[in-house]
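Dear colleague,

Please find below the structure I promised to pass on, followed by some notes on what came out of it. I would be glad if you could read the notes with the coordinates open beside them.

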Amino acid sequence: MDTLTPGVPLDQIGQTLASFYDDLVAEGVPEHLAALVRRVRQAEPEPAAAEAPPAIAEPRRLALVVEDEPQIRALAETLLEETELAVIGCDSAEAALRVLQDHGGDVALVFADVRLAGAMDGLQLAHAVATLWPRARLVITSGHGVSRPDLPPEAVFIQKPWRPLDVLVEAERASGEPPPPVL
């Protein structure tokens with residue numbers, strides 16, 4: 001697919017891709033990503049029991065903070081609230097995928113830790129985002145002595161403890177630079 005249909009929101013495209021992910025394996029999408037999505041779907045609670053993502057007050061580009069440590073997540077959220085991006089925090093990759101399925105076309109930045117609560121880690125989340133929502137800027141962080149884990153080439157890695165300025169620079173790039181083209 002070389003072009004996108006004009007007027008179709010990217011989050012709708014992401015939802016469609018996620019719903020037909022198994023079919024994409026036959027088209028050349030790596031099996032390990034398809035297996036990951038199947039595993040997440042099986043682990044998802046029933047919709048009535050699922051926690052709804054926070055409501056978004058106004059239509060702005062989004063920063064998604066994915067961190068299982070509440071204090072670190074709150075720090076990153078507070079920092080990113082100083083930017084032009086609206087901020088949504090998640091404690092797991094599964095929660096982040098639910099937000100992406102609903103608002104993927106609006107997500108400008110995914111700022112995620114490598115180690116997360118839940119079945120998926122931040123590396124698996126990064127590969128899923130790079131595949132399904134390639135226009136979102138990926139910033140992955142870790143404080144566990146990893147210099148640069150196996151990330152998609154377009155992802156940025158910031159070692160913990162990260163400097164606030166480094167995070168703000170990446171947020172500025174996400175909100176100011178045009179997103180990469182979808183091929």
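**The start of helix H6**

At the start of H6, a side-chain oxygen of Asp121 comes to within 3.0 Å of the backbone nitrogen of Leu123, which is a polar contact in the sense used here, that is, a pair of N or O atoms within 3.5 Å in which, within protein, one must be able to donate a hydrogen and the other to accept it, with residues adjacent in sequence counted only if both atoms are side-chain atoms. The model is predicted, so local features need pLDDT of at least 70 and side-chain atom pairs count only at pLDDT 80 or more, while totals for chains, interfaces and linings use all residues. Residues are numbered from 1 along each chain as its sequence is written, and side-chain values use heavy atoms, with hydrogens and water left out.

The buried residues of H6 include Gly122, Leu123, Leu125 and Ala126.

**The chain as a whole**

The protein chain has 7 helices and 5 strands, taken as DSSP runs numbered from the N terminus (helices H or I, at least four residues; strands E, at least two), and along the sequence they follow the pattern α-α-α-β-α-β-α-β-α-β-β-α. Of the 183 residues, 40% are buried. Among contacts (heavy atoms within 4.5 Å) between residues at least 6 apart in sequence, 64% join residues at least 24 apart.

Asp113 lies in strand S3 and counts as buried because its relative accessibility is 4%. Its side chain makes a polar contact with the side chain of Lys160 at 3.2 Å, and, leaving aside neighbours within four places in sequence, Asp113 is also in contact with residues including Val66, Glu67, Gly122 and Thr141.

Thr141, in strand S4 (residues 137-142), has a relative accessibility of 1% and therefore counts as buried. The side chain of Thr141 reaches the backbone oxygen of Ile158 at 2.7 Å.

Both Asp113 and Thr141 belong to the lining of the second largest cavity, as do Lys160 and Trp162. The volume of this cavity is about 30 Å³, and a search of the whole structure finds 2 cavities of 30 Å³ or more. A cavity here is a set of points, on a 1 Å grid over the protein atoms alone, where a 1.4 Å probe fits but cannot get out, and lining residues have an atom within 4 Å of a point. Strand S1 (62-66), H4 and strand S3 (107-113) each supply at least two residues of the lining, which by class has 7 nonpolar, 1 polar and 4 charged residues.

**Two loops**

The peptide bond from Lys160 to Pro161 is cis, with omega near -5°, and Pro161 is found in the loop between strand S5 (156-159) and helix H7 (164-176).

Thr83 sits in the loop between helix H4 (70-80) and strand S2 (86-90), and at 18% relative accessibility Thr83 counts as buried. The side chain of Thr83 reaches the backbone nitrogen of Leu85 at 3.2 Å, and, not counting residues up to four places away in sequence, Thr83 touches Leu168 and Ala171.

Conventions. Buried < 20%, exposed > 50% of the residue type's maximum accessible area, 1.4 Å probe, protein only. 1 Å grid on protein atoms, 1.4 Å probe; cavity = no way out; pocket = protein on both sides within 12 Å on 5 of 7 lines; lining within 4 Å. Points joined across faces, edges and corners; volume = space filled by probe spheres on them. Nonpolar A, V, L, I, M, F, W, Y, C, P; charged D, E, K, R; others polar.
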